[in-house]
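Q: Got a model open here and want to talk through a strand and some charged pairs. Can we go piece by piece?

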Amino acid sequence: MKIVKEAIAGTLESSDVQVKVAPSEGTLEVVVKSEVEHQFGAQIRAVVNDTLGRLAVSEGIVLVEDKGALDCTLRARVQTAVLRGGAVKDLDWSVL
Amino acid sequence: MNDEFEFYAIDPAREPSERAEIKAFLAKSGLTYEDGIEIFVLGRQGRRLIACGGLEQNIVKCVATDPLFRGESLSLTIVNEVINLAYERGHSHLFLYTRPNNIAFFAGCGFYSIVEVPGMVTLMENTPIGIRRYCDGLKKLRQPGARIGAAVINANPFTRGHRYLIEQAVAASDWLHLFVVAEDASFFPYRDRFQLIKAGVEGIERLTLHPGSEYMVSRATFSSYFFKEKNVVGDCFTAVDLLIFRDWIAPALGITHRFVGTEPFCRTTNKYNLDMKYWLQADLSAAPPVNVVEIERTAQDARAISASEVRRLLRSGDFDRIGKLVPPTTYELLWSKYRTAADGASADAAA
């Protein structure tokens with residue numbers, strides 16, 4: 001999926017995560033800011049990158065502002081932001 | 001807890017009674033209502049106003065919560081609502097000004113500090129990679145040399161005086177980076193000003209022309225509301241603008257000198273030049289100092305050439321005199337786009 005416009009999903013409430021996506025040419029930049037960077041930074045990045053991979057996102061800027069979200073919340077917010085920002089033609093829901 | 005709260009947005013221009021209520025509510029938090037605010041998000045518990053947050057273009061302003069309800073959640077929610085509203089209105093990159101003691105709170109709302117004027121005001125943006133990316137882009141335009149100059153011009157419009165200053169600055173540097181003020185608060189809109197500058201510096205080597213950016217502070221939207229003593233507003237605005245230049249832009253390009261013309265006609269700009277020397281040269285920042293070099297303006301008929309003079313002549317239609325002050329490219333645009341019917345008659349007679 002190609003990110004064609006800026007989009008946002010999630011909130012900054014405790015246990016949630018705010019994900020912002022924006023278009024970019026040629027590169028995929030993922031920036032993660034988390035209150036639990038030290039303990040879970042790597043895990044958060046893994047989940048975000050995996051979700052982006054399943055949605056076939058290869059270009060764009062993805063900003064993740066984590067406030068202690070669980071993996072399932074992280075996935076859901078990343079998906080929502082990407083879908084809001086993307087050009088959806090034929091979405092294969094089974095891969096999500 | 002949030003189930004009992006209701007959040008909605010209003011246009012303050014259309015809701016005078018709610019606007020009055022907001023004014024009183026802000027006053028209790030020591031904030032002054034700002035007329036430029038286009039939209040407000042309000043939080044109510046029943047009929048009681050307990051939180052508000054305003055938006056003027058892409059600047060978040062007047063965020064306040066009732067002290068009785070203060071705590072992470074309500075304040076966070078109101079800022080979140082403002083951010084979402086801004087997105088809907090097409091503004092994803094937001095700025096805000098706040099007192100330094102509120103930095104931690106807004107950091108929790110996803111804002112990141114750009115610069116801080118100690119004890120007075122901090123400018124923040126809602127992305128960790130905003131100004132960093134802008135500066136990464138600037139780094140690609142670095143030029144070698146020991147004396148790297150910079151100048152910021154508004155050029156309202158571009159005159160022979162500007163050309164002279166730029167030539168002087170280039171002569172005194174290994175390279176000159178020229179920035180154009182992007183704000184559309186001048187008589188001539190940004191597009192015209194930029195085109196005239198571009199045409200006007202044609203042929204000058206060792207020069208890079210930079211279009212304006214969001215990081216050149218806009219005086220129009222600068223928050224003044226939380227300054228109890230209003231006479232420090234101008235100083236704070238200048239400080240923020242100059243600190244951004246010193247802490248971010250100058251290091252990215254390796255700028256060692258900033259050139260500015262002496263300003264005989266305009267007291268505000270004169271003060272600005274004095275402030276510039278302070279904020280760029282004093283030992284108050286981790287970033288290296290930037291030398292401020294004032295260049296005497298060039299004169300035509302013993303009067304310094306200035307854009308305000310050209311605008312005055314434009315109003316009176318004196319195109320003969322204008323021609324002496326501006327290069328042909330500027331004259332062309334003024335003649336074709338900005339003359340009035342009255343000037344046409346007198347100029348035809350002269351031709």
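A: Fine. Bear in mind that this is a predicted model. To start with strand pairing, Tyr97(B) has Leu123(B) in E7(B) as its bridge partner.

Q: Which strand pairs with E7(B) through four bridges, and which through five?
A: Strand E5 (residues 95-98) of chain B is joined to E7(B) by four bridges, running antiparallel. Strand E6 (residues 112-117) of chain B is joined to E7(B) by five bridges, also antiparallel.

Q: What is in the turn between E6(B) and E7(B)?
A: The two strands form a hairpin with three residues between them, and Gly119(B) in the turn has a positive phi of about 75 degrees.

Q: Is E7(B) buried or exposed?
A: Five of its five residues are buried. Val121(B), Leu123(B) and Glu125(B) are on one side, Thr122(B) and Met124(B) on the other.

Q: Why two sides?
A: In a regular strand, side chains alternate between the two faces of the sheet.

Q: Switching to charges. How many salt bridges are there over all chains?
A: The count is 19. One of them joins Glu59(A) and Lys2(A), with the closest N and O atoms 2.8 Å apart. Glu59(A) is in the loop between helix H1 and strand E4 of chain A and Lys2(A) in the segment before strand E1, so the pair ties together parts 57 residues apart in sequence.

Q: Which salt bridge crosses between chains?
A: Glu29(A) and Arg133(B) meet at 3.3 Å, N to O. The pair runs from strand E3 of chain A to helix H4 of chain B.

Terms used
Residues numbered from 1 in each chain as written. Chains lettered and ligands numbered in written order. Predicted model: local features only at pLDDT ≥ 70, side-chain atom pairs only at ≥ 80, totals over all residues. Heavy atoms only, no water. Buried < 20%, exposed > 50% of the residue type's maximum accessible area, 1.4 Å probe, protein only. Pairing = 2+ DSSP bridges. Salt bridge = Lys/Arg side-chain N within 4 Å of Asp/Glu carboxyl O.
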